[in-house]
Structures are given as C-alpha cells and as structure tokens.
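Hi,

Here is the structure I promised to pass on to you. Please open it next to this email and follow along as you read.

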Amino acid sequence: MLKCSLCIHDERTAKIKIVDGKPLCKECINYLAHKPDKEKIRAELEELMRKVDKAIVAFSGGKDSTVALYLAKDKYNVDVEAVMIDHGFMAREAIENAKRIAKHLEVPLTILHHDYSDIFREALLKGKSPCKKCSSRTMEKLRKYALRKGIKYIITGHELPFGHHPYRLMSNGIVQIRLLSLMSEEERFEILNKLPFKFPELAGYTTNCLILGPALRRYYEKHGYSFETRRIAALVRYGLINKEKALKKISKPEIPEEIEEKIYGKLGIIQSK
Ligand SMILES: [Zn+2]
C-alpha cells in the first residue's frame, strides 16, 4: 500500500500519486503547489489581535482551549469571558481543569448546559464522526451568546489545518479567531506546563470529551482507520506535530469496557455483543 512521504495519509484515506519518484497524497501535492505563507498568516493574526479588546473564549477545559485562554488573557491582554458549553458528555476532569484554570487566570467562567445526545447517539449508531456537528452546534450557541452580550469576537483553540486565514466571519458580524493557528504541539506544551492544568487519562486522545474515544473505536471498526486522519495529516504537513505522535493519535483507541458501557447506557443504546 502506498503511503504519502510527507504526511500520514495512505491509499485508504487519500489518493496517492508518485511525483518525482516519491509517493505524495493529493492534499500534500496541493499544499506544495500553493504553500501557505506562514509569516503572513502569523502577521495577520497579530494584527487582528491588536484590535481585539473584548472577547469570548470558547473554553472546553481541554488543553488547546486552555492555551487559547491563557494567550488571550496574558499575551494579548483581552478582556475575556471563558464560556464552556457542557454537552452532557464532558469529562469531569475537564470541568475541574476549566474551573481551576479560570480561577488561576482570574477570568470569569460561564458554563452553559445543552444536551447533544442526539448527535452522539447518531454518530455511535452509524459509525460516524460526531465532531463536525458537535463543533458547529457549539459555535452557533456561542455566536448567539456573543450577540446577546454585544461581543464581536469568539476566540477558539482551533488550529489552521485548512484554509489561509486565522479567522472566520460568522453571521451578524461575529468573528471567530483561531488563536492557535500554526502553533506547534511543543509550543502548546510549554504554555500548559506553566499552568495548573492536570492531564486527564481519557480514552481517545482527548483531554475533555467522553464521546470521542468510543466514536473513534466504532468508526475504526467500521472503516479500518481513524476519522481524525485528515486533520492530523494536515498538522504533520505543516510541521506542527511529528509523524510518530501523529500515528499514535490515529491508531485505534483502547477503551475500558465499563466506561464504554456507561456511555452507551447514558445514550440509551443497547449494544449487541
Ligand atoms: Zn500527504
């Protein structure tokens, strides 16, 4: 099976072509032909952040949004409110991290409770990824919240795996800022080490979500690869994470049976054995 020589795609997850004797996936070929200007993207982000005085930080209590909250508050001196959308399957450790970090950074924390069982049930039953639907519902709820509060900016801990701008215009003039655009894993860990962030031991390479592990496993069983492959491949292509770590992140997760049973039970799914 051909494997891309630059990222982690192989023939199962992307079209691979031989270019100058080397196998490359379609996305890497496209990347090499239109390489994003990293300096330009970073400069654009800096310029935008100079304008931001007040913002909401989409705060999940996970490692990336913790880094985003720290940067917004301490590096850019933004008047921030951390807002967590608890979708009903947040890890207890993530909620504890959120409270501890917000207190440490002296940032007000608002937790909004919404039930996303419908999204998670469908994903697990059909062997699909819940992430896109979950993330867009969360962004929509945050957009409405920002609008009610008269705040224009929503800062998130997203990276920039695709596209060329570190921000996204949402409706009603709200702007999402991907504050971790082009930031490497190492840089993130340097910041986390300065903060009272405790790494939870969760299945599924996540620091906040209880659904990701079981969803990854179910998807893996159905398709033979991880639904995170495309996003992680982009991080490798950009040089933000090394291949070894990336391959570990897209391997099939081990999940203790009792934890999985609890989640399926909470969603009212009866598993056939
Ligand atoms: Zn590739």
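The donor residues of the zinc ion follow the sequence spacing C-x2-C-x17-C-x2-C. They are Cys4 (SG), Cys7 (SG), Cys25 (SG) and Cys28 (SG), lying 2.3 Å from the ion; donors are N, O and S atoms within 2.8 Å of the metal (3.2 Å for Na, K and Ca), and water is not among the atoms, so sites may look incomplete. Cys4 lies in the segment before strand E1 (16-19) and Cys28 in helix H1 (residues 26-33), so this pair ties together parts that are 24 residues apart in sequence. (Helices are DSSP runs of H or I with at least four residues, strands are runs of E with at least two, and both are numbered from the N terminus.)

A word on the source: this is a predicted model, where local features need pLDDT of at least 70 and side-chain atom pairs count only at pLDDT 80 or more, while totals for chains, interfaces and linings use all residues. Residues are numbered from 1 along each chain as its sequence is written, and side-chain values use heavy atoms, leaving out hydrogens and water.

Now to strand E3 (residues 54-58), where 4 of the 5 residues are buried (under 20% relative accessible area, with exposed over 50% and partly exposed in between, using a 1.4 Å probe and protein chains only). E3 runs parallel to strand E4 (residues 79-86), joined by 5 bridges; strands pair if DSSP finds at least two bridges between them. Ala58 has Val83 as its bridge partner in E4. On another side of the pairing, 3 bridges link E3 to strand E6 (residues 153-156), also in the parallel sense, and Val57 is partnered there by Ile155.

Happy exploring!
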